[in-house]
Amino acid sequence: MNKTLLFLFSLLFSAGFSFAQSPVTGVIKTTNGTTIPNATIKVRGTNQAVVADENGAFSINVNQETPFYLQVSSVGYKPQDFQILKLQDTPIELVLVENALLDEIVVTSRRRSEVLQDVPIPITVIGGRSAENAGAFNVNRLKELVPSVQLYASNARNTTLNIRGLGSTFGLTNDGIDPGVGFYVDGVYHARPAATSTDFLDIDQIEILRGPQGTLFGKNTTAGAFNITTSKPTLTPSAKIELSAGNYNFIQAKTSVSGALAKDLAAKISISGTQRDGTIWNTREERKYSGQNNLGFKSQLYYTPSEKLQVLLSGDVSIQHPAGYPLVIAGVTTTERSAYRQYAKIVSDLGYQQPKIDPFSREINTNTPWRHNQSIGGISLNVDYKIGNGTLTSTTAWRFWNWDPTNDRDFSELAALTKSQGTSRHDQYSQEVRYAGNITEKLSGVVGVYFLGQNLKGLAQTEEVGKDQWRFVQTSNTGNQALYATPGLLDGFGIKTNSTIKSLSAAVFAQVDWEVLKNLHVLPGLRYTYDKKDVDYDRVTYGGLQTTDAALLALKAAVYANQQFTTKVDNNNLSGNFTVSYRPSHNLNVYGTFSTAYKPVGVNVGGLPTTSTGAADLSVAVVKPEYVQHYELGAKTKPVKGAIVNISLFNTDIKDYQTNVQSPQLGVNRGYLANAEKVRVKGLEIDGTYQLERFLTLNAALAYLDGKYVKFTNAPLPLEETGHTELINGVATQVAFKDASGGRLPGISKWNISGGSELSTPGNLATREGRYFIAGDASYRSEYSSNPTPSSVLIVKGYALFNARLGFKSDKFSLFVWSRNITNKNYYEQLQAAAGNSGLYAGVLGDPRTYGATIRYAF
């Protein structure tokens, strides 16, 4: 009996052992059939792994029942999971796809997949992993990688995103105008500039298109577009996790999980969280500001029942509750007002000392807490259906934005302009339908329609002054002006504004690419756009001394007054472009473009200047549209193997340029919009990349930008000229405007340079095959104006930034240390005059040196 049991046990053990050790043999190859040596083959979910030999051959014993997955990876190739449905006696062939080389990058900017160098548009492409490695986890960080991009933000709402110095007004944001730079994520246009502040989630690729766009997709834009695509869900189960930690208690965690829910239906969930202590210390509150507290969530369902149909349903939300982003006092200048109205005299009369001017001590002493809370997100449905030689695409989306801020707008311990709260709620609905593809062998193109509806509400937006404000508005201590010293007159006096902008934009667009002769392409495009805006603005005063004294009421009304108006405006536009492209070889593409574009009519919803009677000046309630004429010559070349050099020359003229004007009147609480008669930006861009096998990668880019007001006869006075008087009909008269024609546009540096390099070598970390690398990048910007009208004091000096990283990377695992602003350079990103133009100005500080480590793992 014992022998029988032993025999049966041995038989079962042998059978089980034979099952457990079922071998799988095969060979790893490239798409062109050559073998890949030393690839890693692993049975997913186990520790079983082998390395292929020099001929790509492998044999691995598997102790799992079919089906199971083999994970195959090799440096320089995209990792791939292969499902084994049944075991076979003959070797299997597994094919890996090589990572895209520099000259093989595929873009979708023309709504079809094309090699970057074949597209006659100046485009910069940044891969999602490249952006992450450079620490660019949001759009703000990308400006260091792309010299033609400018982004300025004192907070998420007050964000200016420009390309080549054009796009949005510089300074405080006015909700009544449209951005000139389109911002798209998976084909969905994001109308509010605050979208640029959210953390990237599962980014696959970022395409930055320079110059007017509008005949290819979506919203019309006058300066360019960001076209961001995210990674789609996969039927093959996969997951990845990333964790970063650094100084200022910086912690960032990202994770995503993807897999099949059913046949042909894949799902993915991605989560991102960022936390960092502030870099600015409030000595009065004893707390830190300018930190980060972000949480992002994105989910997707991807349905692919056939090769013809793809359906992607996406939802995302980002919640940000930072401590706030205060400005620091940067300086005090003497204005042309009387000595009685200079900042030093004002604060002295109030019993304060003039503030210490030491902005890079990163200390403030404001007495109103700063808060910049926001939530932003939405849902979109994208359907791609192949018809004939093209694809019919429908993109339907709804997005929202909630903004809940508090700002101390006197930037000091004074109870002057104590509170500024532009609470907002935004909803947008968009629908795009387009068809893109090949019509004949020599003719391709895109045609589509686009609709965007927006509802932007200002919800009890508050502006409030305190007990010290009387001295800032008092012009003298005689006559009725002496009554400003009446106790409690302006204490807690303010305005609450409720406003609504309902806007509609609808368009039809088309563009074709016709090869008229061999290698010679002409690309005409047209766009017809209709825009409509309905505005309801209602501002009501509150607080302050309750009195029936007519003289005191008049003084209060000079600070804040009730204001109400409604307006409706619409306009339409026919714009287009014409491009000629000549591609005599795979290594050269030269092109020339003439295009027209326009930015829709604007409306003022930040308060209007008042007339001599104290009534709102309705003549500036509506701002004329911008009209753009753009010329560009470019060449895309591949001079030697592994190298790309692209160059472009351009000239952009804008008639009725929409600009933001700061008024000395407090009641104009966010400035107001106006038109400069004509501006011009011309420049030169050169960018190049070089890749030596997988050992060395170099990139560099240069942008020379010359942006000027060709004609701006009614520009606001710069800060130092506030109070300027001129002889008019023999009488000394104070003026509020000047001729700024010939002056430089704000936010534009003449010289913008960036570059980077990465050196790597093969190696192993423990049992993992990969590459050790060292990399760095640098950027430089020359000085630029930080005021709508050039000002001698509101000039941001040029600065250079250096970043570096060092570590190990493989297809599934990376570990590296990094540092940004490694030299701890002190610099401003923006300067702006304090409200009231008393001589004080404040600045937005760039981040100090940060450093940390990042680990990534995919499985």
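1. Largest cavity. The largest cavity holds about 860 Å³ of space. A cavity here is a set of points, on a 1 Å grid over the protein atoms alone, where a 1.4 Å probe fits but cannot get out. Grid points are joined across faces, edges and corners, and the volume is the space filled by probe spheres set on the points.

2. Basis. This is a predicted model: local features need pLDDT of at least 70, side-chain atom pairs count only at pLDDT 80 or more, and totals for chains, interfaces and linings use all residues. Residues are numbered from 1 along each chain as its sequence is written, and side-chain values use heavy atoms, with hydrogens and water left out.

3. Cavity lining. The lining of the largest cavity has 50 residues, a lining residue being one with an atom within 4 Å of a point. Asn140, Arg141, Ala153, Glu829 and Asp847 lie nearest the centre. Elements giving two or more residues to this lining include α3 (139-142), β11 (149-153), β22 (292-303) and β52 (840-845). Helices (H or I, at least four residues) and strands (E, at least two) are DSSP runs, numbered from the N terminus. The lining divides into 21 nonpolar, 20 polar and 9 charged residues. Nonpolar covers Ala, Val, Leu, Ile, Met, Phe, Trp, Tyr, Cys and Pro; charged covers Asp, Glu, Lys and Arg; the others, Gly among them, are polar.

4. Salt bridges. The count comes to 30 salt bridges, each a side-chain nitrogen of Lys or Arg within 4 Å of a carboxyl oxygen of Asp or Glu. Arg164, Arg210, Glu632, Glu685 and Asp687 are linked in a network of such bridges.

5. Lysine 533 and aspartate 178. Their closest N and O atoms are 2.8 Å apart in a salt bridge. Lysine 533 lies in strand β32 (residues 520-542) and aspartate 178 in the loop between β12 (159-163) and β13 (181-185), so the pair ties together parts 355 residues apart in sequence. Why does lysine 533 count as buried? Its relative accessibility is 5%, and buried means under 20%, exposed over 50%, partly exposed in between (1.4 Å probe, protein chains only). Aspartate 178 is buried too, at 10%.

6. Arginine 680 and aspartate 653. Their side chains meet in a salt bridge at 2.6 Å, N to O. Arginine 680 is in strand β39 (residues 672-692) and aspartate 653 in strand β38 (residues 643-661), so the pair ties together parts 27 residues apart in sequence. Arginine 680 is partly exposed at 30%. Aspartate 653 is buried at 13%.

7. Lysine 467 and aspartate 468. This salt bridge spans 3.2 Å, N to O. Lysine 467 is partly exposed at 47% relative accessibility, whereas aspartate 468 is buried at 3%.

8. Nonpolar surface patch. Tyr385, Ile387, Leu392, Val433, Val449 and Val508 form the patch, with about 450 Å² of accessible area together. Areas come from the Shrake-Rupley method with a 1.4 Å probe; for residues, only the protein chains shown count as cover. Patch residues have over 30% relative accessible area and no salt bridge, and nonpolar side chains (Val, Leu, Ile, Met, Phe, Trp, Tyr) are joined within 5 Å. Tyrosine 385 sits in strand β26 (residues 371-387) and is partly exposed at 36%.

9. Two loop residues. Leucine 216, in the loop between β15 (203-210) and β16, is buried at 4%. Its C-alpha is 36 Å from that of leucine 696, 480 residues away along the chain. Threonine 236, in the loop between β16 (224-230) and β17 (238-246), is partly exposed at 22%. Threonine 236 and glutamine 461 are 49 Å apart, C-alpha to C-alpha, and 225 residues apart in sequence.

Methods
Patch = residues over 30% accessible without salt bridge, like charges linked within 9 Å, V, L, I, M, F, W, Y side chains within 5 Å. 1 Å grid on protein atoms, 1.4 Å probe; cavity = no way out; pocket = protein on both sides within 12 Å on 5 of 7 lines; lining within 4 Å.
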